[in-house]
Amino acid sequence: MAGRRRGSWVVALCSALCSALCLALLAGCGADPVPDTAAGDVRRLLDRRAHAVLSGDERAYERTERPAHGRSGAPDLFANVRAIPLETWEYRLSRLDRSGSRATARAELRYRVEGYDRAPLTAERTLSLERHDGQWYVTAERPAKKAGEQLWDQGRVRAERGADSLVLGVGRGARELRAHRALADRAVPAVRDAWPGKWPGKVVVLVPRSLKGMAGLLGAPASGYRGIAAVTTGEAGGTGRAPADRIIVNPEAYGVLGDFGKQVVLTHETTHVATRTRTSPATPLWLSEGFADWVGYRGTGRTAAQAAPELGRAVRGGELPRELPGDDEFGFGTDAGRLARAYEGAWLACRMIADRWGERRLTDFYRAVGGHGKRAGAVEDALRDVLRTTPEEFTARWRTYLRSELG
């Protein structure tokens, strides 16, 4: 009897504990869990925020915010993007970490600039959130960790729209941005005349406040771009449905150039935009950079000695290159003289093709190399099929060309 009483007491205690646990968790033992609606609420908040940005409704945008500690990183975004001609703006929530009335959201921002982007650009964003009186609000929005900045993260964007270009700048005056626009509008038809391939025929130029701003857009250390006047971002070997490339100007290095140098730089970068879908991992940098320089200098009347001073000094000093520049010689962090000689040698290789075989053969050669699909054999096959020569013969011709043009 005593044993049975002890057993009954243990069973009764376990039953009571189980019931209490079920009530505490509101799960298991036949009970349904209470759903957390935070994710859905935050998605709707971000939808309202996106619609306010796109429609230019400042009051609706402000209703999505609640400043943290009297200040917020969010309010400036609306003002900073107002000058950008946006076609789409959409947040896609990918993660939500909640702790009571506060949360951190990770979202993919997709946006498209009207008339320039064929598909949305994407930017990873982190948003700080706070729940107040039953509603979620944004207290701050910033680039996600390890993600590059967007131009509007650096300040209010000013826009200058040209015939074939859109120039967006932060911390730059209207007069300076109009000068960029004029150069870009001359670059586009120059590239269109040199490159027979199909491309949108428009460019977007970003002009940040400083070298640091340029590096922020690229998500890389500023030291790697010191002395580089501009770079182009985009999808190499793409389908043609990718967003428009962005030409990003380094205002410090670009600013010290004269008008001629600035025009060559923008035409060079615009060439990268035009040739992007025909550029692939099979394309060596001597060809992609050399071709862009060839278009940049085309029709300017500049001689080899004028446009290739570093390589000219090397050739006259008895340092004739033995082979075409390798990809490693085009690294932005490399020695400035070595980098200049690589670009100059690449330009003269493409100039030699245009001089000896004709401009159409040069563009055919470029497309043949990029269309190979893989690096191994790409240049060799294109030399054979398009120029009817071999790598050894081509290199020997190039070395002779350097002597005659620079010696």
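Where is the place of alanine 396? Good morning, colleagues. The answer is helix H15, where helices (H or I, at least four residues) and strands (E, at least two) are DSSP runs, numbered from the N terminus. This is a predicted model, in which local features need pLDDT of at least 70 and side-chain atom pairs count only at pLDDT 80 or more, while totals for chains, interfaces and linings use all residues. Residues are numbered from 1 along each chain as its sequence is written, and side-chain values use heavy atoms, with hydrogens and water left out.

Let me stay with alanine 396. With a relative accessible area of 41%, alanine 396 is partly exposed; the scale is buried under 20%, exposed over 50%, and partly exposed in between, using a 1.4 Å probe and protein chains only.

I turn now to the strands. Strand E1 (residues 86-99) and strand E2 (residues 102-113) run antiparallel and are joined by twelve bridges; two strands are said to pair if DSSP finds at least two bridges between them. Within this pair, glutamate 90 has arginine 110 of E2 as its bridge partner. E1 and E2 form a hairpin with two residues between them, and glycine 100 in the turn has a positive phi of about 65 degrees. E2 is also joined to strand E3 (residues 121-132), by ten bridges, and these strands run antiparallel. There, alanine 105 stands opposite leucine 127 in E3.

A further sheet deserves attention. It is an open sheet of five strands, with mixed pairing and the order E5-E6-E7-E9-E8. Which strands stand at the edges? They are strand E5 (157-161) and E8, each with a single partner strand, so one side of each is left without a neighbour in the sheet. From one strand to the next, the twist averages 20 degrees; for such angles, axes are lines fitted to C-alpha atoms, for helices over the stretch in contact, and the values run from 0 to 180 degrees between N-to-C directions.

Strand E9 (residues 246-249) runs parallel to strand E7 (residues 203-207), and three bridges join them. Valine 205 stands opposite isoleucine 247 in E9, and leucine 206 has isoleucine 248 as its bridge partner there. E8 and E9, by contrast, run antiparallel and are joined by four bridges, with threonine 233 opposite arginine 246 in E9. Arg246 and Ile248 point one way from E9, Ile247 and Val249 point the other way, and all are buried.

Next, the largest pocket. Its volume is about 1200 Å³. Of the 41 residues that line it, the closest to its centre are Ile228, Ala229, His268, Asp293 and Tyr343. The terms are as follows: on a 1 Å grid over the protein atoms alone, a cavity is a set of points where a 1.4 Å probe fits but cannot get out, a pocket is an open set with protein on both sides within 12 Å along at least five of seven lines, and lining residues have an atom within 4 Å of a point. Grid points are joined across faces, edges and corners, and a volume is the space filled by probe spheres set on the points.

Which element gives the most to this lining? It is H8, with eight residues. Among the elements that each supply at least two residues are strand E8 (230-233), helix H8 (259-275) and helix H12 (336-356). The lining divides into 22 nonpolar, twelve polar and seven charged residues; Ala, Val, Leu, Ile, Met, Phe, Trp, Tyr, Cys and Pro count as nonpolar, Asp, Glu, Lys and Arg as charged, and the others, Gly among them, as polar.

Finally, some single residues. Arginine 49, in helix H2 (residues 38-55), counts as buried because its relative accessibility is 0%. Its side chain makes a polar contact of 3.1 Å with the side chain of glutamate 141; such a contact is a pair of N or O atoms within 3.5 Å, where within protein one must be able to donate a hydrogen and the other to accept it, and residues adjacent in sequence count only if both atoms are side-chain atoms.

Most residues other than glycine have a negative phi. Lysine 146 has a positive phi, near 70 degrees; this residue is found in the loop between strand E4 (135-143) and E5 and is exposed, with a relative accessible area of 82%. Thank you.
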